[in-house]
Structures are given as C-alpha cells and as structure tokens.
Amino acid sequence: MAKEIERTGIPVAYVTTLTSLAEEIRANRIVAGVRIPHPVGNPVLGAETERDLRTTMTQRALEVLTEPVEGPSVFRVDHPGVR
Amino acid sequence: MRLERHVHDVTQVAFGARTELSGGQLTLDRERLAQIVLADDRLASCDIQLAAPGESARVVHICDTVEPHWRTAGPTFPGWGSEIRSVGDGETHRLAGVGVTACCELPWRKTGGIQIPRENIAELRGQVAELSPLGSVQNVVLELSLRDGLPDEECDRAVHQAEMVVAQDLARAIAAEHTADRVEAFELTLVDPGLPRVVYMAQITSQGPFAGTFYYGGYLDRLMPTLVHPNEFLDGALVDGNVAGPNIRIPTIVHQNNPVITELYREHGRTLCFAGVVLSRGHYYGMDDKHRVAQQASKLARWLNARGAIFTWENAGNGLMETMYTLQACERMGIKSVLITFEHGGARGDDSPLQFYVPEAIAMVSSGSMDEPLPLPEVERVLGGGDTIRLNPQMGGERVAARGPLTLDWRLEMYASAGQAGQTRYAREDY
C-alpha cells in the first residue's frame, strides 16, 4: 500500500515495528514502531505518558513526510516510551 | 550423559482386562485408564478410542500427541504433576509405534489474535495421512471435556496432563513385565577431534496458553537462547501446546523422535561430531528482541566450536526473522548453516515462499507447502469427541460435519502438516 500510494505522487511515512521487512519491500520513509502488538503505543506506560508517546510518534511521522530520502530510510522516535 | 531407550515395538492396539504387550499387540484397560485421567478434577469426561493407520477415520480436536515413556529412575515427564529433575540419562522405556493423543474442544473466548485454539485435524487413510504423526502409529485417542469456567492456562495444562498420565501409565506397565525388543543408546561420546562439529539450532514458539511450548512443565515464553542436551528432547522434556498453529506446530511425539537429532546421532563419530542443541524461541514482538535472540543463539553455537549448523523453526510469521538473523550471524562467524523450512507461497505455490530472508540463507531444505488445500473425503469414523468441527473463529465459528467430505480453504487445520522438524517425506519441486 505504501508503495502504491507513493506511485500516485503522495509521500508516505510507514510506521512499523518490523523495519527490516519495510526495507526489504523498499518503502522509502520508515518510522520504527514500538512493538508488533502496539506499534504507536506502549501499554506499560501510564495513561499520560502513553498519550504523549502517541502524539510524539504521530508528529514524527508527519515530519518525516518532508524529509528528503534516497531509498529506504529508517527514522527512530526519541521518546522514553520507546524501548 | 547416556540415555538408553528400551524399545517395545507395538503393531496393534486393543482393549482388554489389563495392560499388556504380547506379539506386538498392546492391550489396555479402557475403564481404568479413563478413571486415572478423571482423577484430575479439571476434566469433566474422558472416553478412550483406538484407531489404526489406514482406517477410514479422521481425528479431530487434537491438542497434542505423546509417545508412551517410562523412566525407570523417574520422574517421567517432569513438571507434569511430578518433581522437576533433568531427564536425558539413565533408562527410559518407550512404546514405539503408539501415540497417545489428547483431544478436546477447547473454549473459544475471542475471534482474533494468536491464542485461539484452532481445530487440529489428522487423517488416518490416504496420502494425506503421511502428513501427521497419527498416520504412522497405532492411536490411543483420549476424548476429553473440561469442566466449565476454568481459566485458559488450566484448560491448557489439564489436557496435556491427561496425555502424560496415560502415556506413562502404559509404558510403566509394559516395562514391568515385557522384555524390550531392542535398546537404543544416545550419548555424545568423545570422537575424532578432526570431525566437523555440527550444532542443531532448534527454534520453537511459545506465547502462553494454547500457543505454548512447555519445558519441564513451564512455558518457554520468555526464553533466551540456551544450551539443551539432545537427550532431553528424546526423553520428554519438551511438550507441545501450540493448538493455535495446527499445521505449523511440532507435536511432543515429534520432539521425542526429532529426526534432526536422531540423524545427527547416527552420524556422530562417523562423518561429524554432534556438538549439541541450542534451543531458542522466536516470534518476539520487537526488532531489538529479535536481534538479542540472534546474537545469543549464534554466540552459543560459536562456544560449541560449531563449523556447521542445522536450523528448524516452529510456527509461521515473524518468527522467521529470529531464524534468519541467527543464521546470518552464524554464517558471518564462519558456521555453515542450513535451514529446514516449509513454504508459504499460497495455495498454488506461486507467491514468495518465505516472508523474510537474508542473503546468507543459501542452503535450505523445503518440507513442503503449508498452504495448499487438501480435499478430505468422507470417512466412516470420527474420533476426538462429537461429530462436528469448528472453523473460522474470525466469523464467530462455523460448525460443519466432521465426517466430510471437507474442502478447507487451505492447510491451516491439518495437524503438523508443514513438517517443521523435517519429519514428513514431503517437499516441493523447483520450477
């Protein structure tokens, strides 16, 4: 899906935990998710910290859309809830 | 560590007044066995059926299959109602050619996710029978039902406890009065140091109730790769509870007779030195975990001074990533690595057969398709309890007549059919 959407000219930020698979299919902008069952959240955090994590993940994905890349690139999210 | 398995060959099973073995015929007391199973108050009922390979029969609701074993110095199947002591040495009696299969309709409490106890089906007649261990053994089938209201883990443990109880009761009775037909010894003896050292990298899956593997009675859910003696496999340390992955599971009877281990033993001291087994668990949820597993497992292989490694893995999906990263790390250390795997190329086999791979994976052995649907004929007998099976949990469950004929969408429900320890004779052809 990420590749097909990009083919129409719309940039895609692909948030996924399995970054190697995303690289293998040659997705361009890959945002490293937290865990397979919860890529943009983390249930071990308190509600407030988790909300902050979700916001940070989403903002990072939006930022990445305008990053120039040449081929598959993995972007990490800097947040204490990502481990 | 020397294990001597005293083998009692069984070619027929029948009900009778007491447990005995004569001329290859195993006789067992149906009522008494049911009673000892029902001593566990988690179980509401137990009926026992017998079936031979080649019968027009189908076994359904399979939870697991175990070969009857009895350890003379005890405990047998430690961790299952018995003290936990390492197995793999001393004297074990095994009834070869018999499988005790626990069958039960486990509760369906949800419609999606990994831990749904799916329908596990085995055929006893036709070519398809070769795909499961039941097609080549005399079958003692326990038709179990559980008391209402038990938590998932208790359901999971109760059905396995039942098969262990019956398996060791049978083997104990025979060991007491029958002379073994032969003795097979397993020991990692000192051999010519010039022989290449080969390690077996065994990756299992374990994700809690209905999707677990037990090691001495405990789930291996958080296992970091560890060294295990091959005799522990052959002597009942590992018990399979992965009813959630019918086609892609390794039943206990396959662990007890793991063909990679028995073959490495056969070649030990002749063409190679069997260096040991690295046991690991795949299907972790984060990339860091996957790399931790790969680094630890490959490090253990190097400590064993392995020059070669044989890999098998259990379950499907992202668990292949741990296998592939471990294989990659081994190859980078100069350990030649071979993977035995099923193919996941869709019903027609024309899609990519592996979801993930590394450039170092250049030697692989195919154990056949995990997808290709198999038309199942109408059969005369259905064993396992009841006359229907449940399919499609995601649709809320759909009941169909178990006698068939059945046309399943793919091979998901076919018990152990992907041959993940290389136990089947199936493969796919190059094209």
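Residues are numbered from 1 along each chain as its sequence is written, and chains are lettered from A and ligands numbered from 1 in the order in which they are written. Because the model is predicted, local features need pLDDT of at least 70 and side-chain atom pairs count only at pLDDT 80 or more, whereas totals for chains, interfaces and linings use all residues; side-chain values use heavy atoms, with hydrogens and water left out.

**Stop 1: the whole of chain B**

The C-alpha trace spans about 60 × 50 × 40 Å along its principal axes.

Of the 431 residues in chain B, 60% are buried. Here buried means under 20% relative accessible area, exposed means over 50%, and partly exposed lies in between (1.4 Å probe, protein chains only). Among contacts in chain B with a separation of 6 or more, 81% are between residues 24 or more positions apart; contact means heavy atoms within 4.5 Å.

**Stop 2: backbone features in loops**

Select Gly74(B) and Pro75(B). The peptide bond from Gly74(B) to Pro75(B) is cis, with omega near -15°, and Pro75(B) is in the loop between β8 and β9. Next, select Gly404(B) and Pro405(B), where the peptide bond is cis with omega near 5°. Pro405(B) is in the loop between β26 and β27.

Proceed to Tyr216(B), which has a positive phi of about 50° although it is not a glycine. Tyr216(B) is in the loop between β15 and β16. Is Tyr216(B) buried or exposed? Tyr216(B) counts as buried because its relative accessibility is 9%.

Asn305(B) also has a positive phi, of about 55°, although it is not a glycine. Asn305(B) lies in the loop between α6 and β20 and counts as exposed, at 53% relative accessibility.

**Stop 3: Asn242(B) and its surroundings**

Select Asn242(B), in the loop between β18 and α4. Asn242(B) is buried, with a relative accessible area of 2%. Leaving out residues up to four places away in sequence, Asn242(B) touches several residues, including Thr205(B), Phe210(B), Ile248(B) and Glu314(B). A polar contact of 3.1 Å joins the side chains of Asn242(B) and Asn315(B). A polar contact is a pair of N or O atoms within 3.5 Å; within protein, one must be able to donate a hydrogen and the other to accept it, and residues adjacent in sequence count only if both atoms are side-chain atoms.

**Stop 4: salt bridges within chain B**

A salt bridge is a side-chain nitrogen of Lys or Arg within 4 Å of a carboxyl oxygen of Asp or Glu. The whole structure holds 37 salt bridges over all chains. Select Arg390(B) and Glu105(B), whose closest N and O atoms are 3.8 Å apart in a salt bridge. This pair links distant parts of the chain, 285 residues apart: Arg390(B) is in strand β25, and Glu105(B) is in the loop between β10 and β11. Arg390(B) is buried, with a relative accessible area of 13%, whereas Glu105(B) is partly exposed at 30%.

Now select Arg292(B) and Asp289(B), which meet in a salt bridge (2.6 Å, N to O). Both lie in helix α6, three residues apart, about one turn of the helix.

**Stop 5: the contact with chain A**

How many residues does the contact take from chain B and from chain A? The contact takes 12 residues from chain B and nine residues from chain A. The area buried between the chains is about 870 Å², of which carbon and sulfur atoms give 64%. Tyr285(B), Met287(B) and Phe356(B) supply 50% of the area that chain B buries against chain A, more than any other three residues. Buried area is the accessible area (1.4 Å probe) that two parts lose on being put together, summed over both.

Key:
Helix = DSSP H or I, 4+ residues; strand = E, 2+ residues; numbered from the N terminus.
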